[in-house]
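The sequence and structure come first.

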Amino acid sequence: MLQRSRFLPLLALVLAPALSAPAPAAPACPGTVDAVQSDDLPDLGRSVDGSIRWLRSTQNPADGSYGGGVEGTAWVLHAMGTSHRRYMRSDGPFVAKAIDHLLARQDASGAVFDEGASAKEQVEQSTLAAAALAGHIDADVAPALGRLSVWLAGSGVEAPAVDGIDLPEDDAAARALVLDILALRGPDGSYDGERGKIVETAMAVDALNRLKVRFAPPKAPAAARAAALPAYEPAGPEAVDAAVLRGARFLVGASQDGLWGAPGRPDGGITAMVVGALQEVPEPRPKDIQAAIDGGVAWLLTLQGDDGSFSQGGRMKNYVTSAVLMTLAGSDAHAAQRERGRAFLKTIQADEGEGYSEGDMYYGGIGYGSDERPDLSNLQMALDALVATGSSANDPEIQRALKFLERCQNRSESNDVELTVKGIVIKSGDDGGGTYMPGNSKAGNVTLADGTEVPRSYGSMTYALLKGLVFAGLQRDDPRVEAAWKWLSANYTLDVNPGFDGAKDPRAPYQGLFYYFDTMARALDVYGADAIVTPDGTEHDWRAELAGRLVSLQSKADGSWKNENAPRWWEGNPVLATAYAVQALGKARR
């Protein structure tokens, strides 16, 4: 395939106490369009995700192996463990069963190899297995890896490593190598070559992982300050209707040939969000707005693939499919397309069909559909779409999701997650709020007196949690619902996305602000409360107050909205921010 070299000595920590992999890198939030690795390279993370997804599809469910033996399994584990997402055992059976497959191949001497391997092959396979397992050390792996390292040392292998693609020292040559590797990538994300598709794909993933790190753009410095939002007054239905219409007019005017996205590149997710926003304009709608809806829906339907998803190039399949299904939910037309989309969402849920059981941390969750780690943001989109198109509380996909929701709630009575990351124990808190994924929060962690860390609860995910609990049929007196409602009542605000710490970065509490408003409106509408009572006894008419807040932020010049303090998660894009705002206003009006 490409030139290879020895690299990555990994066994320095072999005999250390059991450690876990580095903290998982959380995926991006909604609204993402094509990103770049740097100013002249494609997004290597996306390429890695697609190839890892293909690798995962090749796993033997019976024994957990990749390629049927030690070599392929070790290479895939190495690639997953060193990827930008740092997949580890707790991510699910696609990692856990592969680790167990290698451990099951260890004989009494400590070596790891396939049955019938020659003496030379035993050394080669054991070397690969050691390098792979070193990235997945836990209580089971550590002693096995210790025995394996002793056997390898006795065989003359002091620093086991994988035999990977050589990276040039010259940056220009390395950039050229990126394009060379990507040119060999098949449509399904796989690579082929002399060592077979599984090993060759894992090797390409490994090289792209290292190139991604090498050419990662520098992090933007934190802002010195953020501007407080303007004062607002509660707004009534007339003000809401006027704001919705002005926002819709902006969206129609911002289209490119009737579609929305980056210049020259219409995006399925953003177009679906805009169409959903335009549908909030009461009927009978102005002709230009109705025409924009009809044209957007017609284009979105062309994106449906053989698997039932709506996407472009396999990107963000869940978000796009969910957003499209919600635009189709109110009509009897396109029933066949809707059902295929619903079926797709069910297939990407982490459940028994993919080898998960209730004991797995991500059981019941749904991710982007292009990576292997579910999160609550993706799950809430899927639940919105499924419920809007016919799912009910007792349906299996909704009940499976309940287990994932419990693990995203800081409530130790129902959350069994406990992780050890870089020697630090991360477990559930008890404030009742929601986090981005089990053991992980976009708002960071809180360190307790004993050194244990608890993921921070924050506003948008706690509203997503509440909505999901209601979808699953839980009543208001259920302790899980009560705990979430208590957090939301104590943290009710329309000035920030509560839960983020602004001490280090004043922009942090403004991240995802319009997503927060939209999720808040959807959740409270589903929950059925017209008022929130804060701890000081004040009763807040959330519909009128949210409407007033959004009206106060609408541009007087063109009717758009934009997150001026925190453009993260594409809220600096007025089209996406306006779509969120208009949809939130529509829910508040109802």
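## Cavities

A cavity is a set of points on a 1 Å grid over the protein atoms alone where a 1.4 Å probe fits but cannot get out. The model examined here is predicted. Searching the whole structure gives five cavities of 30 Å³ or more.

For the second largest cavity the volume comes to about 100 Å³. Its lining includes the arginines Arg53, Arg56 and Arg373, together with Glu354, Asp371 and Glu372. Ile348, Ala350, Tyr356, Gly367, Gly369 and Pro374 also line this cavity. The class counts for the lining are six charged, four nonpolar and two polar residues.

## Second largest pocket

The second largest pocket holds about 710 Å³ of space. Its lining consists of 31 residues, and those nearest the pocket centre are Gln279, Met326, Thr327, Ala329 and Gly330. Two or more lining residues come from each of the helices α9 (268-278), α10 (287-301), α11 (317-328), α13 (376-388), α15 (459-471), α17 (513-527) and α19 (574-589).

By class, the pocket lining has 13 nonpolar, ten charged and eight polar residues.

## Helices α4 and α5

Helix α4 spans residues 119-133 and helix α5 residues 141-154. They pack at an angle of about 140°, and their axes are 10 Å apart. The crossing of the pair is left-handed. From α4, the contact involves Gln122, Val123, Ser126, Thr127, Ala129, Ala130 and Leu133, while α5 contributes Val141, Leu145, Leu148, Trp151 and Leu152. Nine of these contact residues are nonpolar and three are polar, with no charged residue.

Glutamine 122 is a residue of α4. Its side chain reaches the backbone oxygen of alanine 117 at 3.3 Å. Apart from neighbours within four places in sequence, glutamine 122 is in contact with Val112, Phe113, Ala117 and Trp151. Trp151 is one of the α5 residues in the contact between the two helices.

## Helices α14 and α15

Helix α14 (residues 396-407) packs against α15 at an angle of about 145°, with the axes 9 Å apart. The crossing is left-handed. Ile398, Leu402 and Leu405 of α14 meet Leu465, Gly468, Leu469 and Phe471 of α15. The contact has six nonpolar residues, one polar residue and no charged residues.

Helix α15 is also among the elements that give two or more residues to the lining of the second largest pocket.

Key: Residues are numbered from 1 along each chain as its sequence is written. This is a predicted model: local features need pLDDT of at least 70, side-chain atom pairs count only at pLDDT 80 or more; totals for chains, interfaces and linings use all residues. Side-chain values use heavy atoms; hydrogens and water are left out. Axes are lines fitted to C-alpha atoms, for helices over the stretch in contact, and angles run from 0 to 180 degrees between N-to-C directions. Helices (H or I, at least four residues) and strands (E, at least two) are DSSP runs, numbered from the N terminus. A crossing is left-handed if the near helix is turned anticlockwise from the far one by less than a right angle, and right-handed if clockwise. Contact means heavy atoms within 4.5 Å. Ala, Val, Leu, Ile, Met, Phe, Trp, Tyr, Cys and Pro count as nonpolar, Asp, Glu, Lys and Arg as charged, and the others, Gly among them, as polar. On a 1 Å grid over the protein atoms alone, a cavity is a set of points where a 1.4 Å probe fits but cannot get out, and a pocket is an open set with protein on both sides within 12 Å along at least five of seven lines; lining residues have an atom within 4 Å of a point. Grid points are joined across faces, edges and corners, and a volume is the space filled by probe spheres set on the points. A polar contact is a pair of N or O atoms within 3.5 Å; within protein, one must be able to donate a hydrogen and the other to accept it, and residues adjacent in sequence count only if both atoms are side-chain atoms.
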